[in-house]
Amino acid sequence: VLAELIEKFVSHLSESRTDCYFSSGNYKAMDADVKKENLSSVQQLGVEMTVRYGKYLNLLKEDAENGLCFVLMNCEEFLKQQQRTVVSSLCCLQEHYAGYDWFASSIFLIMSGDREKTLTFLQQFSRLLVSAFLWLPRLHLSMHLPVAAVEYGIHPVYSCSAHHVEMLLKAELPLVCSAFHMSGFTPSQICLQWITQCFWNYMDWSEICHYIAICIFLGSDYQIYMCISVFRHLQQDILKHTEA
């Protein structure tokens with residue numbers, strides 16, 4: 001039901017010029033015969049974890065690995081069309097996105113391993129502003145960002161979402177804010193980790209689906225509220241650890 005709902009919602013918005021923030025470009029999917037060996041070692045490890053998790057949730061069938069590789073390779077090629085060339089020694093500014101694409105993997109699981117559905121959804125979703133915040137590889141070396149932002153390797157999720165989380169935390173949860181300050185560790189570092197991984201390894205699958213759906217339906221600012229609500233939920237544990 002969730003798959004059908006977000007599919008129809010995104011399809012409807014991507015056809016409206018006023019809701020499309022990014023251009024889509026023309027892209028046709030590559031040959032379906034994409035093997036795991038074509039991916040980096042980080043991606044290969046991510047694929048193994050995703051497939052294992054998907055089977056544990058009874059969402060994927062035996063041949064799911066090839067389907068996920070197909071989606072990841074095509075996403076990389078599709079997003080490459082909107083990248084600029086940057087010469088830098090920074091790992092995060094190399095041609096390929098340095099991490100694993102957790103958002104695309106989450107959509108693959110929501111779509112029960114249907115690679116065509118997943119790819120179509122991601123292509124349509126990439127036109128919307130919320131894609132910049134939910135799908136981190138979306139703005140990797142992107143021509144849609146100011147040159148300075150690209151060269152510094154600072155993603156809008158860090159400069160916008162994580163920054164606003166810290167601002168809200170001061171007002172909403174001053175004790176948690178103080179606890180972080182005393183630890184010498186910033187809440188934005190934690191938030192970036194959560195958001196990059198789509199809350200994998202932190203929340204149950206149903207909650208991960210709720211997070212993605214809420215941000216798609218209600219807007220990218222709900223990503224910030226989600227992080228604040230998690231900090232509120234963890235407040236007693238955080239304060240206990242600070243005392244200890």
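The following legends describe close-up views of a predicted model.

**View 1. The largest nonpolar core of the predicted model comprises 70 residues.** Within this core, Phe125 and Phe231 have the most contacts. Helix α3, spanning residues 64–80, gives the most to the core, contributing 10 residues. Because domain 1 (1–129) and domain 2 (156–243) both supply residues, the core lies between them. In soluble globular proteins, nonpolar side chains tend to be buried together.

**View 2. The surroundings of Phe231 are shown through its contacts.** Phe231 is, together with Phe125, one of the residues with the most contacts inside the largest nonpolar core.

View 3. Tyr222 is placed in helix α12 and counts as partly exposed, because its relative accessibility is 31%.

**View 4. The loop between α10 (187–196) and α11 contains Phe199.** Asn201 is also placed in the loop between α10 and α11. Phe199 has a positive phi, near 65 degrees, although the residue is not glycine. For Asn201, likewise a residue other than glycine, phi is positive and near 75 degrees. Phe199 counts as buried, because its relative accessibility is 1%, whereas Asn201, at 74% relative accessibility, counts as exposed.

Note on methods
Residues are numbered from 1 along each chain as its sequence is written. This is a predicted model: local features need pLDDT of at least 70, side-chain atom pairs count only at pLDDT 80 or more; totals for chains, interfaces and linings use all residues. Side-chain values use heavy atoms; hydrogens and water are left out. A nonpolar core is a set of buried Ala, Val, Leu, Ile, Met, Phe, Trp, Tyr and Cys residues joined through side-chain atoms within 4.5 Å. Buried means under 20% relative accessible area, exposed over 50%, partly exposed in between (1.4 Å probe, protein chains only). Helices (H or I, at least four residues) and strands (E, at least two) are DSSP runs, numbered from the N terminus. Domain bounds come from an automatic or database domain assignment. Contact means heavy atoms within 4.5 Å. Lists of a residue's contacts leave out its neighbours within four places in sequence.
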